[in-house]
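Thanks, everyone, for making time this morning.

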Amino acid sequence: MKEMSPIVKTITKISFAAIFLFGLYIILHGHLTPGGGFQGGAIIGTLMALYLVAFGAVKWRKKVLSIIESTGLLVFIGTGLLGLTTGYFFFNFIGGTDNPIFGQQLNGGELIGDVAFPSNSAPLLSSGTISIMNMAVGLEVIAALTLIIVTMGLFAFAGSEEGE
Amino acid sequence: MEFFTFLYDALHFMVLFGIVGSALLVVKFKDLVSATIALAACSLLVSLEFFILQAPDVAIAEAAVGAGLTTAILIFAIKSTRGREEY
Amino acid sequence: MIGKGWKLAALFLVVFMMGFVVWEIRDFGEPSGKAVDANLDDNQDVENGMLVWDDETGQIDIYDETTDTMVQQDRTMMDDTFISDSVDPNGTVNANNVVTAIVFDYRGFDTLGEATVLFAAVSGVMVAIRVAFPKKKEEEGGEKE
């Protein structure tokens, strides 16, 4: 399998951190700006495809990736089940209760007619279980898409499956 | 102000025709790698179209998955099979 | 030939398109003027800029005093409740991005389904690739192509 030219490698090295940061930004600010868990995870999945193409068949530890993926999904289900403490499955029990972790309140925005339109400035730790679920789904989607890309990449590049 | 709405509509129609054009290109190309690139262009334009229609979340998802991952997987598939389409 | 059933498929497509067009151009009729604003009871007259709900179409119209007409908004009652509930500071949602609020809070159960579907897809891919190419270590002559 012919090696990628050093130009591609250096560009990937430079842009890896930037794209990764951008993906994390999209995940963490899911409840404030457009984006969210799935979108950010897909961006980082694309980054893994770039890395795999640039540096050839890489020995990724599949066990670690599967563990990350499962923890993401379990945290997602966990927050859903925790909502049961207040009687409803998937109830946002942290939102708007001024609990310092994720409970801070929006500053309301202005009312037009009787509809409150959101203001742009909102605290990051503001929307309770939505942020937690954003991160959980983000984690899960990152690991899932990386697994798919790595499995198929190894299948195509090396003709057999060596990553363990 | 009128000029901007005209520009906006013109951009909107160009993107729509671009989507249809690149989709036709995907079918026309014999060389599969260029067909995949045309497919990536098509999904990029669809993502731009979502953005024009004020749906940024879907635009990000479509751009990342459509242009990024689908193209990567298709190219992996082409790598392990023949590169040209014959019938 | 593209298989024998394409005539039937074309017929269905045409019928469906005509039905869609007919459904699309149906006439909504005059707005009925049902009061939406909390402080407006039925017989009170509608002031300028007040939201009025048209119960045939479920659309919200705003009364425009200058032209004395009902300006039809493309928002329905349901959109308004979702938007105002999700940005209401003393509500439980408190998310600025209403789309994410809906995806993760109002319809969190569906996103759980979506996440599980992705999980199943990944396991499927890994099983399929592993079956096609068992690892070289265990099996000496792992077939190449």
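Let me begin in chain B, where Lys30(B) sits in the loop that joins helix H1 (2-28) to helix H2 (32-52). Please keep in mind that what we are looking at is a predicted model. Is Lys30(B) buried, exposed or partly exposed? Its relative accessibility is 36%, and because that falls between the limits of 20% and 50%, Lys30(B) counts as partly exposed. If you then look for Glu62(B), you will find that it is 32 residues from Lys30(B) in sequence, and that the two C-alpha atoms are 26 Å apart in space.

Just after H2(A) comes Gly56(A), which takes a positive phi of about 70 degrees.

In chain C, helix H2 covers residues 77-87, and its buried residues are Asp80(C), Ser84(C), Ser86(C) and Val87(C). Those residues lie on the same side of H2(C), because the arc they cover around the axis is only 165 degrees.

Now to the aromatic rings, of which a search over all chains of the structure finds 10 pairs. One of them is formed by Phe76(A) and Phe104(C), with 6.3 Å from centre to centre and 65 degrees between the planes, an edge-to-face arrangement. This pair crosses between chains, with Phe76(A) in helix H3 (residues 62-82) of chain A and Phe104(C) in helix H3 (residues 98-106) of chain C. Phe76(A) counts as buried because its relative accessibility is 1%, and Phe104(C) is likewise buried, with a relative accessible area of 3%.

What is the geometry of the pair made by Phe82(C) and Tyr106(C)? Their ring centres are 4.7 Å apart and their planes stand at 80 degrees, so this pair, too, is edge-to-face. Phe82(C) belongs to helix H2 of chain C and Tyr106(C) to helix H3 of chain C, so the pair ties together parts that are 24 residues apart in sequence. As for accessibility, Phe82(C) is partly exposed at a relative accessible area of 26%, and Tyr106(C) is also partly exposed, at 30%.

Finally, back in chain A, Phe16(A), Phe20(A), Tyr51(A) and Phe55(A) together make up one aromatic cluster.

Terms used
Residues numbered from 1 in each chain as written. Chains lettered and ligands numbered in written order. Predicted model: local features only at pLDDT ≥ 70, side-chain atom pairs only at ≥ 80, totals over all residues. Heavy atoms only, no water. Buried < 20%, exposed > 50% of the residue type's maximum accessible area, 1.4 Å probe, protein only. Helix = DSSP H or I, 4+ residues; strand = E, 2+ residues; numbered from the N terminus. Arc of directions from axis to C-beta. Phe/Tyr/Trp six-rings, centres within 6.5 Å; stacked < 30°, edge-to-face > 60°.
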